[in-house]
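Hello,

Here is the structure I promised to pass on. Please have a look, and my notes follow below.

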Amino acid sequence: MARELLICINEWGMKNVMTMIVNNAKTNDAAINIIVKELPGIYENGKHFHIRCMAHIINLVVKMGLKHEVYNVKNLQDAVKYIRASPQRIKTFKQAMKDTAVESQRFLCGEIPTRWNSTFELLRSAYDVKDAFLEYSYQDPMFQKTMGRVPSHSDFEMIKKMMEFLEKFKKKTEKVSCSTKPIFHTYTREILDIEQHLRKHETNPDFMFMVPDMKNKYDKYWGYYDTISDYVFFVTLLDPQCKSKFMKVVFTQMLKAKNKDNKMYVDEIDSKARAKLYDFGKFPLDFVRKSIATILK
């Protein structure tokens, strides 16, 4: 992998490479380590070179939550799987949609194991045609016998809550997957927004069994500023809407999130955030100097 990437970089005539963004596969980690040794002019020996894909981390965070089986969700997943299993059942369900005057033109979506957002699409498509499930059970007697119970009103109440919870992650994934405009300067704001979303739901009885594992996965990559590449903060610092004041807020919030046991006082947190901001303030100047020196070579 490293060899092929280096061939591409040479063919494209790229003499200065700042970062490389890849997902969490161990093979990618190994390839990055090789590339760093081969590329000239790498800042600080490649300390900040490797940036993990934000969309991939969001995927890992959500999948940790979806590992926990939710009875209402599982019941609906099984129902959709049953209906989509044969052309005749699909035809019968479409007739049930007509009979119940369902307004949605979308049919039931299937799931793709490697894509968590396919679960969101399944829930949304099923919720839009929820009135058709009971009608379908009248037209297909084997449905209830096989399923045990037809998805009911109480199931769809929970489905709606689950959709609202997952929608935040869906929107973030779509935003950071954009390829028509620069979005890297929004990275810091987006990860903080996800952290707040998880914190908001960690005491919610409907999701408190899911959120701790999701938070642990989040913390592994974004829980503390020392685990995040300085380039992420650097581009945020260059954003006219953020600058240094916002960076202090970022460091303070990360310290507070890590201070759940109240081991640090507010003044100590503020002091550490200021110290981090002061240290980070040296990074852009140092980076610019070394970058210019590399270019002049």
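A word on terms before the notes: buried means under 20% relative accessible area, exposed means over 50%, and partly exposed lies in between (1.4 Å probe, protein chains only). This is a predicted model, in which local features need pLDDT of at least 70 and side-chain atom pairs count only at pLDDT 80 or more, while totals for chains, interfaces and linings use all residues. Residues are numbered from 1 along each chain as its sequence is written, and side-chain values use heavy atoms, with hydrogens and water left out.

The protein chain has 14 helices and two strands (DSSP runs numbered from the N terminus: H or I of at least four residues for helices, E of at least two for strands). Of its 297 residues, 44% are buried.

Let's begin with helix α1 (residues 2-11), where Ala2, Leu6 and Ile9 are the buried residues. They line one face of the helix, because they fall within an arc of 60° seen down the axis of α1 (the arc is that of the directions from the helix axis to the C-beta atoms). Arg3 and Glu11, on the other side of α1, are exposed. The cover over the buried residues includes β1 (20-22) and α2 (26-38). Just after α1, Gly13 has a positive phi of about 70°.

Now to Phe169: setting aside neighbours within four places in sequence, Phe169 is in contact (heavy atoms within 4.5 Å) with Ile58, Val61, Val62, Trp116, Ile194, His197, Leu198 and Met214.

Best wishes
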